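Here's a walk through one model in question-and-answer form. Have a look at it first, then we'll dig in.

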Amino acid sequence: MKGFPQAAREALADSQQRRNVGHATRTIRAKRAAVVGEVPDWEALRAAGEAIKRSAMARLDELLVQLEASVQAAGGTVHWARDGAEANRIVASIVKAHGADEVVKVKSMATDEIELNEALAAEGITAHETDLAELIVQLGDDEQSHILVPAIHRNRAEIRELFRRTLQDTEDLTDEPAELAEAARRHLRRHFLAARVGISGANFAVADTGTICVVESEGNGRMCTTLPDVLVTVMGIEKVLPTFEDLEVMLQLLPRSSTGERMNPYTSLWTGTTDGDGPREFHLVLLDGGRTDVLADPTGRAALHCIRCSACLNVCPVYERTGGHAYESVYPGPIGAILTPQLHGLREGRTLPWASSLCGACYEACPVKIDIPSILVHLRGRVVRDAAERGGLRERLSGERLTMEALARVFASRRRYEAAQKAGRAGQWPLARSGRIEHAPGPLHAWTAFRDLRPMPRQAFRDWWRTRGS
Amino acid sequence: MISAAREDVLERIRSALGPEREVVEIPRDYVVASSMDRDAQVERFAERAAEYRATVWRCAIDDIQQAVAAALAEHGARRLVAPDDLPAAWRPEGIEWLDDGARTLSPEELDASDGVVTGCALAIADTGTIVLDAGRYQGRRALTLLPDLHVCVVRSAQVVGTVPEAIRKLGEAVRTGTRPVTFISGPSATSDIELNRVEGVHGPRRLEIVLASR
């Protein structure tokens, strides 16, 4: 891990990627704005969406037990996993029990997070990613850079070269997107028809009916959840919704925020197993994987409300310039900056809470109203305190820390504050030229390297207040 | 082992939330019932489905057969899959019908067909969506997935205005029969390459909607 500042510097040097990401985020932003603008009750839907998720988190234990019972009653099997390794073991043992050495997979953030493909490979099982973008990433041995369009950093010419190199019968392939999609269709169809085990994530899981919901565009999700004999769904425990009717809110918020469509091409809802239709066996793996740690922080837990629409990425001025790789995390962008450090108990992504200008665009775009800027500030505090607790003498005596402690003392007492003001007014005159301080002394020069400071006024508000007469 | 994980996860949740749980009221003051009249809803459905590059064929309820024939002729489709309860009155002459139901078609047979003809459970005007719930005239999910052409008959009485109206109607199919539900909005599509929308990756590349009104 390089940390965000270094990784961002490197990403910014890649001008092709910056053009690709800039074009993509601008395009999705315009589409989203148009379809959100035509919904007269959008703010009412956001308020309902936020409350549904908050209510689900407040009753999470009860709802998961209810979900388990509903899925079992509908003929499914439920497994619980404390962490990624446990979830991976469960999935691998199901695949092996059916004698399969290949699975087809529909894009899922949870399985990316626990590195399921790598774990299956270690057991001799090949996982075929079937989402076009995931296929591009997998064939290129690349990393995804966006939640929704993971290959957003690749243009069509790069994709054509990749397909020519890795897929059969592609010598005459042009860089027309339709032709590239056709090549992927031919390549994957034989896997779909042969696969005995399918693996999916879940966008939503309904506690009262046991219904799982997967939202997608291409039809690969329908293939993976319909054709194989056995279906395994891995979902983070925060995906549970209390009632089937809650879908009426989420299925309006998600597609419009995500792809900027009124509705995505395909939404699949299934409840356990159905005789003569789809898989004969259904397994649901409920994954904790750090989510209960997030839940334990009353301020940070709203990060669990995320429905993975990626609207916050597309509006973020930082993401738009750096792209997703700089976040060094499965979850990039503003949501990644609050989710990643929390999911890993601040052991990973410690620099991410600073990867933001706190402009608030993410909060405005979020369909479930996650107050990302406030959580970023909260996490900055947690990271600093954590460093002080864990760090040695050097951490405790760092310049920033000592300065902040001194400032805290000054701001805590009126006497000290006024004395400091007086001293500052006396000391600043050699520095203030034409009403600005352009070069502050000592460690403060880092601040004035990029901006000017206004000098303190001759008369402070407090002085004026005392002398204003009655 | 597995039950130990279950107890651990539940215990972690309980200790994370603590004894004082928040009680959350969910404000549901969003629009549930459409304010448009039925004709306007049907018009909006036709418009919005077409915006997804589905082709919409309008016809009278007695002319479904001719409209289906026209939609099939457009693609030169001759070997068609159908759920075996598809009404005879919807089936044009001169088609080789592969019925699925009493006999189950293999994935290869579905893949090799020219297309599929079905009905639907309902359609949503606001989003131009058709919804299948494996009920009457629809068959199982694979039928509308593997063939490259899907012709779907929607009767105007099946059109609802909003997503909440649709979900509330579907609740029954899910609660009583645990039937699978599929929302379809236009043909299969991807925007993964430079965000250009391309029809048809894995699902049917053509969606033809026969919209029959009284």
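What follows is a set of questions and answers on domains, sheets, helix packing and the chain contact.

This is a predicted model, where local features need pLDDT of at least 70, side-chain atom pairs count only at pLDDT 80 or more, and totals for chains, interfaces and linings use all residues. Residues are numbered from 1 along each chain as its sequence is written, while chains are lettered from A and ligands numbered from 1 in the order in which they are written.

Q: Which element gives the most residues to the side of domain 1 of chain A that touches domain 2 of chain A?
A: The domain assignment (automatic or from a database) gives chain A domain 1 (1-38 + 310-397), domain 2 (52-130 + 196-291) and domain 3 (399-467). Domain 1 of chain A puts 13 residues into its contact with domain 2 of chain A, which puts in 14; contact here has C-beta atoms, placed from the backbone, within 7 Å. Elements are DSSP runs numbered from the N terminus, helices being H or I of at least four residues and strands E of at least two. On the domain 1 side of chain A, the most comes, with 5 residues, from helix H2 (residues 15-37) of chain A.

Q: How many charged residues are on that side of domain 1 of chain A?
A: For the classes, Ala, Val, Leu, Ile, Met, Phe, Trp, Tyr, Cys and Pro count as nonpolar, Asp, Glu, Lys and Arg as charged, and the others, Gly among them, as polar. The side of domain 1 of chain A that touches domain 2 of chain A has 8 nonpolar and 3 polar residues, and the charged ones number 2.

Q: Which strands stand at the edges of the 6-strand sheet in chain A?
A: This open sheet of chain A is ordered E1-E10-E7-E4-E2-E3, with parallel pairing, where two strands pair if DSSP finds at least two bridges between them. Inside it, strand E4 (residues 197-200) of chain A and strand E7 (residues 230-236) of chain A are joined by 4 bridges, with A:Gly198 opposite A:Leu231. The edge strands each have a single partner strand, so one side of each lacks a neighbour in the sheet: they are E1 (77-81) and E3 (126-129) of chain A.

Q: Which residue is the bridge partner of A:Thr267 in E9(B)?
A: An open sheet of 8 strands with mixed pairing runs E8(A)-E5(A)-E6(A)-E9(A)-E9(B)-E6(B)-E5(B)-E8(B). In it, strand E9 (residues 266-271) of chain A runs antiparallel to E9(B), joined by 4 bridges. The partner of A:Thr267 there is B:Phe183.

Q: Which element gives the largest share of the side of chain B that touches chain A?
A: 64 residues of chain B are in contact with 73 residues of chain A. Elements giving two or more residues to the chain B side include helix H4 (107-112), helix H5 (163-177) and strand E9 (181-184) of chain B. By class, that side divides into 29 nonpolar, 15 polar and 20 charged. The largest share, 11 residues, comes from H1(B).

Q: Why are H12(A) and H5(B) oblique to each other?
A: Axes are lines fitted to C-alpha atoms, for helices over the stretch in contact, with angles from 0 to 180 degrees between N-to-C directions. Angles under 35 degrees count as roughly parallel, over 145 as roughly antiparallel, 65 to 115 as roughly perpendicular and the rest as oblique. The axes of helix H12 (residues 247-258) of chain A and H5(B) come within 8 Å. H12(A) and H5(B) are therefore oblique, crossing at roughly 140 degrees.

Q: What is the handedness of the crossing of H9(A) and H10(A)?
A: Helix H9 (residues 156-166) of chain A and helix H10 (residues 177-194) of chain A pack at about 30 degrees, with axes 11 Å apart. That makes H9(A) roughly parallel to H10(A). A crossing is left-handed if the near helix is turned anticlockwise from the far one by less than a right angle, and right-handed if clockwise. Here H9(A) passes H10(A) in a crossing that is left-handed.

Q: How many nonpolar residues are in the contact of H16(A) with H18(A)?
A: A:Pro334, A:Ile335, A:Ala337, A:Ile338 and A:Pro341 in H16(A) meet A:Ile372, A:Ile375, A:Leu376 and A:Leu379 in H18(A). The contact of H16(A) with H18(A) has no polar and no charged residues, and its nonpolar residues number 9.

Technical notes. Two residues are in contact if their C-beta atoms, placed from the backbone, lie within 7 Å.
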